[in-house]
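The sequence and the model come next.

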Amino acid sequence: MTSTDTTSCPHCGRPDGAGPFRVLSRHLTATGHTEWARCRCGSLQVRVADGRGTRVVSRSRPAAAVGAASA
């Protein structure tokens with residue numbers, strides 16, 4: 001995973017605040033919560049929500065297609 005300071009997915013261009021994205025897990029922190037989410041393109045994202053708002057702090061490349069992984 002790489003850290004990010006952009007406001008949109010570098011893989012599909014979708015804005016970070018726009019849906020659809022799927023929240024995989026949410027964990028409470030002392031200042032808010034951390035979410036693990038998957039972008040529409042398959043990129044795994046770590047989102048932090050606190051008093052400064054919600055932002056993506058790390059993301060991976062999109063997941064490889066299942067068929068491609070087994071080939």
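How many disulfides does the count come to? With a disulfide taken as a pair of cysteine sulfur atoms within 2.5 Å, the count comes to zero. Cys-12 is in no disulfide, and the cysteine sulfur nearest to its own, that of Cys-39, is 3.6 Å away. For Cys-41 the closest cysteine sulfur belongs to Cys-9 at 3.7 Å, which is too far for a bond.

The model is predicted, so local features need pLDDT of at least 70 and side-chain atom pairs count only at pLDDT 80 or more, while totals for chains, interfaces and linings use all residues. Residues are numbered from 1 along each chain as its sequence is written, and side-chain values use heavy atoms, with hydrogens and water left out.

Accessibility is given as relative accessible area, where buried means under 20%, exposed over 50% and partly exposed in between (1.4 Å probe, protein chains only). On this scale Cys-12 is partly exposed at 31%, and Cys-41 is partly exposed at 24%.

A salt bridge is a side-chain nitrogen of Lys or Arg within 4 Å of a carboxyl oxygen of Asp or Glu, and by this rule there are three.

| Salt bridge | Closest N and O atoms |
|---|---|
| Asp-16 and Arg-59 | 3.1 Å |
| Arg-26 and Glu-35 | 2.5 Å |
| Arg-55 and Asp-50 | 3.0 Å |

Asp-16 forms a salt bridge with Arg-59; Asp-16 lies in the loop between β1 (2-3) and β2 (21-28) and Arg-59 in strand β5 (residues 53-62), so the pair ties together parts that are 43 residues apart in sequence. Strands here are DSSP runs (E, at least two residues), numbered from the N terminus. Asp-16 counts as buried at 11% relative accessibility, and Arg-59 counts as buried at 2%. In the bridge between Arg-26 and Glu-35, Arg-26 is exposed at 51%, whereas Glu-35 is buried at 7%.

Arg-47, in strand β4 (residues 43-50), is buried yet has no salt bridge, and the nearest side chain of opposite charge, Glu-35, is 4.7 Å away. Lys and Arg count here as positive and Asp and Glu as negative, while His and the chain ends are not counted. The charged end of Arg-47 sits over the ring of Phe-21, 3.8 Å from its centre, a placement that requires NZ of Lys or CZ of Arg within 6 Å of the ring centre and within 35 degrees of the ring normal. A polar atom of the Arg-47 side chain also lies 3.0 Å from the backbone oxygen of Asp-16.

Definitions and conventions:
Helix = DSSP H or I, 4+ residues; strand = E, 2+ residues; numbered from the N terminus. Polar contact = N/O pair within 3.5 Å; in protein donor to acceptor, adjacent residues only side chain to side chain.
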